[in-house]
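User: I would like to learn how to read a structure like this one. Please take me through it feature by feature.

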Amino acid sequence: MINEFYSTMIDHGRWILIPRGLGTTLLIAMCAIAIGTVLGCVFALFKISKSKVLKAVAGVYTTVIRGIPMATQLMIFYFVVFSPLGVSNTILVAVIAFGINSGAYCTEIFRAGIQGVDKGQMEAGRSLGLSWAQTMRRIILPQAVRTVLPTYTSEFIALIKETSVASFIAVVDLQKACDNIRNATYNAWIPLLSCAVIYLVLTFGLTKLFALGEKRLAKADRK
């Protein structure tokens, strides 16, 4: 087994593909969650606004994006939207596609968090002379953040796993790196199990890290 692992993963320096692919996976996930967070905040405010137009725009966005598989969206962005424009940077396309997809889920996460805050908080803020925006920023959003943090972190972890379909547009992420090793060695189980273990360790570690952060935040609230 050791000899087989060496000939598959170590020989010819194939192992170097793994950290490179992992780096690409993390880059896409972190950039995408940043884009998704911004879009989520904007469209969540659209959804709770009094404007029917803004509500409709946000509703269409979340319905369409959440209703289409990520792999299909990725290929539409690459082959239908960006390729005709001459954009060939697959990592950039992946970041935008995953970011827009994440934004739809973040929209619902943030909307639920904001609407979960007692309505009396807004009335109290306005009675103190604060504007709607000031009340939202200083009173509502800080409470909503604490509520949505567990779901938001779960979205980030799910996004990391979803990036495995980035190989559909030839992005050499972690999944594609392991697949390239499999194709080169005709050995499936070692590269694929290695890929699975890395994803498991990564998501498990992030889960524990975020859980620790939530506990510290909860302790700070009780003081």
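Analyst: Start with the order of elements: from the N terminus on, they run α-α-α-α-α-α-α-α-α. The protein has nine helices and zero strands. Helices (H or I, at least four residues) and strands (E, at least two) are DSSP runs, numbered from the N terminus. This is a predicted model, where local features need pLDDT of at least 70, side-chain atom pairs count only at pLDDT 80 or more, and totals for chains, interfaces and linings use all residues. Residues are numbered from 1 along each chain as its sequence is written, and side-chain values use heavy atoms, with hydrogens and water left out.

User: What does the C-alpha trace span along its principal axes?

Analyst: The span is about 75 × 50 × 20 Å.

User: How do I read burial, and what percentage of the residues count as buried?

Analyst: Buried means under 20% relative accessible area, exposed means over 50%, and partly exposed lies in between (1.4 Å probe, protein chains only). Here 37% of the 223 residues count as buried. Take C31 in helix α2 as a case. C31 has a relative accessible area of 32%, so it is partly exposed. K161, in helix α7, is also assigned to a class by its area: at 48%, K161 is partly exposed.

User: How should I read helix packing? At what angle do α2 and α7 pack?

Analyst: Axes are lines fitted to C-alpha atoms, for helices over the stretch in contact, and angles run from 0 to 180 degrees between N-to-C directions. Helix α2 (residues 17–48) packs on helix α7 (residues 132–162) at about 140°, and their axes are 11 Å apart. That angle makes α2 oblique to α7. The classes are these: under 35 degrees is roughly parallel, over 145 roughly antiparallel, 65 to 115 roughly perpendicular, and the rest oblique.

User: What is the handedness of the α2 and α7 crossing?

Analyst: A crossing is left-handed if the near helix is turned anticlockwise from the far one by less than a right angle, and right-handed if clockwise. The crossing of α2 and α7 is right-handed.

User: Which values describe α5 and α7?

Analyst: Their axes come within 8 Å and cross at roughly 140°. So α5 is oblique to α7. The crossing of α5 past α7 is right-handed.

User: How do sequence separation and distance in space compare for C31 and A158?

Analyst: C31 and A158 are 127 residues apart in sequence, and their C-alpha atoms are 14 Å apart. For K161 and I16, the separation is 145 residues along the chain and 21 Å between C-alpha atoms.

User: Now charges. How many salt bridges does a search of the whole structure find?

Analyst: Side chains of opposite charge can pair when their charged atoms come close. A salt bridge is a side-chain nitrogen of Lys or Arg within 4 Å of a carboxyl oxygen of Asp or Glu. The search finds three. In one of them, K47 meets E108 at 2.3 Å, N to O. This pair links distant parts of the chain: K47 is in helix α2 and E108 in helix α5 (residues 90–116), 61 residues apart.

User: Which residue forms a salt bridge with E108 at 2.8 Å?

Analyst: R111 does, with 2.8 Å between the closest N and O atoms. R111 and E108 both lie in helix α5, three residues apart, about one turn of the helix. E108 counts as buried at 13% relative accessibility, while R111 counts as partly exposed at 23%.

User: Where do D179 and R182 lie?

Analyst: They lie in helix α8 (residues 174–185), three residues apart, so about one helical turn separates them. D179 is buried at 18%, and R182 is partly exposed at 27%.

User: Which residues form a nonpolar patch on the surface?

Analyst: Patches are made of residues with over 30% relative accessible area and no salt bridge; like charges are joined within 9 Å, nonpolar side chains (Val, Leu, Ile, Met, Phe, Trp, Tyr) within 5 Å. Here the members are M75, I76, F79, V80, V81, L85 and F168, with about 650 Å² of accessible area together. Accessible areas come from the Shrake-Rupley method with a 1.4 Å probe; for residues, only the protein chains shown count as cover. V80 is in helix α4 (residues 70–82). V80 is exposed, at 54% relative accessible area.
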